[in-house]
Amino acid sequence: MMGRRSFRGETLDEALSTACDGLAARLEEIQYDVLENAKGDQVEIEAAIDPVAVLGLFMSEMSRAGGLDITARLAVADDALEGELVGGDVGLLTASGGKGLDAYQYLCNRVLNKRLSDHLPVHLDSEGFKDRRALKLQEKAEAAADEALRKGAPVTLGPLTPAARREIHLALADDPGVETESEGDGFLKRIVIRPRRRR
């Protein structure tokens, strides 16, 4: 784990307390190992903030504060911190094309950005929702591209979350007939699909 630092104390509790102060973290948010080669009577530990613990605590506190039946099963993959969301209220996040799910994922990444200088990106999903959405967005993108070419004029989609916009851009990236551009400010933006300008 990155960012591991050494901390000492007369007892393990004291070393852990020093680590929490030094890392600006709660005990539940750190991962530590006791070192065998401590000098004198002191206990020495190596500790670092655990991103999975930080995320798990944040998500459980969010659900509790909102009175929501949503639980996250977190796992570390090669390229992301993956959260599978389950519970009776997950539908609130996946409604309206998953805007709530994307906003929650964005918030989770912001939380880790504030706490850690380097971490894997957070990807949240629920029962394959994002794969199903990607297929729908691909179909929507292709239909909009066909319409733009047929009319010879731009077609606008949205407003869309960053994750949904990415799917649209990717779906049409290799289409030689059209080009895409995001327009607007803030979290939700529109995508303009227009016939590609001849060079």
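With which side chain does the side chain of T161 make a polar contact? The partner is the side chain of D102, at 2.4 Å; a polar contact here is a pair of N or O atoms within 3.5 Å, where within protein one must be able to donate a hydrogen and the other to accept it, and residues adjacent in sequence count only if both atoms are side-chain atoms. The structure is a predicted model, in which local features need pLDDT of at least 70 and side-chain atom pairs count only at pLDDT 80 or more, while totals for chains, interfaces and linings use all residues. Residues are numbered from 1 along each chain as its sequence is written, and side-chain values use heavy atoms, with hydrogens and water left out.

T161 sits in the loop that links β7 (155–160) to α6 (162–172); helices (H or I, at least four residues) and strands (E, at least two) are DSSP runs numbered from the N terminus. With a relative accessible area of 3%, T161 is buried, a term for values under 20%, with exposed meaning over 50% and partly exposed in between (1.4 Å probe, protein chains only). Neighbours within four places in sequence aside, T161 is in contact (heavy atoms within 4.5 Å) with K99, D102, R133, F187 and L188.

We turn next to the sheet. Three strands form an open sheet in the order β7-β9-β8, with antiparallel pairing; two strands pair if DSSP finds at least two bridges between them. Because β7 and β8 (178–183) are the edge strands, each with a single partner, one side of each has no neighbour in the sheet. On average, neighbouring strands of this sheet are turned by 20° against each other, direction ignored. Four bridges join β7 and β9 (residues 189–195) in the antiparallel sense, and K189 of β9 is the bridge partner of L160. Helix α5 (residues 129–151) lies across β7, β8 and β9, at about 45° to β9. Axes are lines fitted to C-alpha atoms, for helices over the stretch in contact, and angles run from 0 to 180 degrees between N-to-C directions.

Helices α2 (residues 51–66) and α4 (residues 99–115) pack at about 130°, their axes 10 Å apart. The contact involves, among others, P51, F58 and M62 of α2 and Y104, L107 and R115 of α4. P51, found in helix α2, is buried, with a relative accessible area of 19%. From C-alpha to C-alpha, P51 and E179 are 38 Å apart in space, and 128 residues apart in sequence.
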